[in-house]
Amino acid sequence: MKKELSTNEFIKIVLAICDNVEKEKDYLSELDRATGDGDHGVTMSIGWSAVKEKVSTLEDNFTFDKICMQIASSFLSAVGASAGPLYATALMRGGAKLKDLTVINSSQLSEFFDAAANGIQDRGKANLGDKTMLDVWLPTAKKIKDISSSTDNIIEILEQGSLTANEKMLSTKDMLSKKGRSSKLGERSRGHIDPGAASSALIFKTFYEATQNL
Ligand SMILES: [Mg+2]
């Protein structure tokens, strides 16, 4: 049972995400080669490496919103296109919900994910079913919100979120791409998992596992 998350713990989770993205870099690029330009793993690696470097310079008294702002801006400086602004917006919008806080509870965590998912939707202008990262973020944030109304155990909430994220990531395989480079493939975009959905599911999975191991 875990009811609260501190900024120090959040930083450990972020570092675990950086490490797992690095481990899955080749897989993410391989997914992108099927329908795009094959750079998603490299792009994510560049972005999260910049985040890792930034995190080591953060001061101990930083609040959630400040940490999110710092890592969003380093991600955006490193990755200017496509996934860069989307992840940066997610972090900034999510962080803005946690202003001046150094410890959060489960409902604040669910507000973080909800704002992050809405930020991705606003910035990317995709709809559900377009075969993008939004197909993971929106339903996962909703699941987290729903679960957090019945339990305040952060581990349980993140476990359910991680399961939903994985299921929704797999569901992009049968979708027809309507956004970005892969949309030009038309019917040929079917049969492949969206790389942005895959990196998003990896983030939710790592968020859960790292929190469990705190
Ligand atoms: Mg690409």
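Which pattern does the protein chain follow, read along the sequence? The order is β-α-α-α-α-α-β-α-α-α-α. The model is predicted. Its secondary structure comes to nine helices and two strands. The radius of gyration is 16 Å, close to the 17 Å that the globule rule gives for 214 residues, so the chain is as compact as a globular protein of that length.

**Overall dimensions and contacts**

- The C-alpha trace spans about 50 × 35 × 30 Å along its principal axes.
- Of the 214 residues, 50% count as buried.
- Take the contacts with a separation of 6 or more: residues 24 or more positions apart account for 68% of them.

**Helix 4**

- Helix 4 covers residues 64–78. Its 15 residues should span 21 Å at 1.5 Å a residue, and its end C-alpha atoms are 21 Å apart, which agrees.
- The buried residues of helix 4 are F64, I67, C68, I71, A72, S74 and F75. Seen down the helix axis, these buried residues fall within an arc of 165°, so they line one face of helix 4.
- Several elements cover that buried set, including helix 1 (7–23), helix 3 (40–55), helix 5 (83–96) and strand 2 (103–105).

**C68, a residue of helix 4**

- C68 lies in helix 4. C68 is buried because 26 other C-beta atoms lie within 10 Å, and 20 or more is the cut-off for a buried residue.
- Leaving aside residues up to four places away in sequence, C68 touches L91, M92, G94 and G95.
- K168 is 100 residues from C68 in sequence. In space, C-alpha to C-alpha, C68 and K168 are 25 Å apart.

**Helix 3**

- Helix 3 has 16 residues. From first C-alpha to last it reaches 22 Å, close to the 22 Å expected at 1.5 Å a residue.
- Buried in helix 3 are H40, G41, T43, M44, S45, G47, W48, A50 and V51.
- These buried residues of helix 3 pack against helix 1, helix 2 (25–35), helix 4, helix 5 and helix 9 (195–212).

**D122, a residue of helix 6**

- D122 lies in helix 6, which runs over residues 106–124.
- Is D122 buried or exposed? D122 is exposed, because 11 other C-beta atoms lie within 10 Å and the exposed class takes 12 or fewer.
- D122 and A90 are 32 residues apart in sequence. Their C-alpha atoms are 9.8 Å apart in space.

**Positive phi in two loops**

- S82 has a positive phi of about 35°, although S82 is not a glycine. S82 is found in the loop between helix 4 and helix 5.
- S82 is partly exposed, because its count of other C-beta atoms within 10 Å is 18; that class lies between the exposed limit of 12 or fewer and the buried limit of 20 or more.
- K125 is not a glycine either, yet K125 has a positive phi of about 55°. The place of K125 is the loop between helix 6 and helix 7 (134–148).
- K125 counts as exposed because it has 11 C-beta neighbours inside 10 Å.

Terms used. Residues are numbered from 1 along each chain as its sequence is written. This is a predicted model: local features need pLDDT of at least 70, side-chain atom pairs count only at pLDDT 80 or more; totals for chains, interfaces and linings use all residues. Helices (H or I, at least four residues) and strands (E, at least two) are DSSP runs, numbered from the N terminus. The expected span of a helix is 1.5 Å times one less than its number of residues. The arc is that of the directions from the helix axis to the C-beta atoms. Two residues are in contact if their C-beta atoms, placed from the backbone, lie within 7 Å. The radius of gyration is taken over C-alpha atoms; the globule rule is 2.2 Å times the number of residues to the power 0.38.
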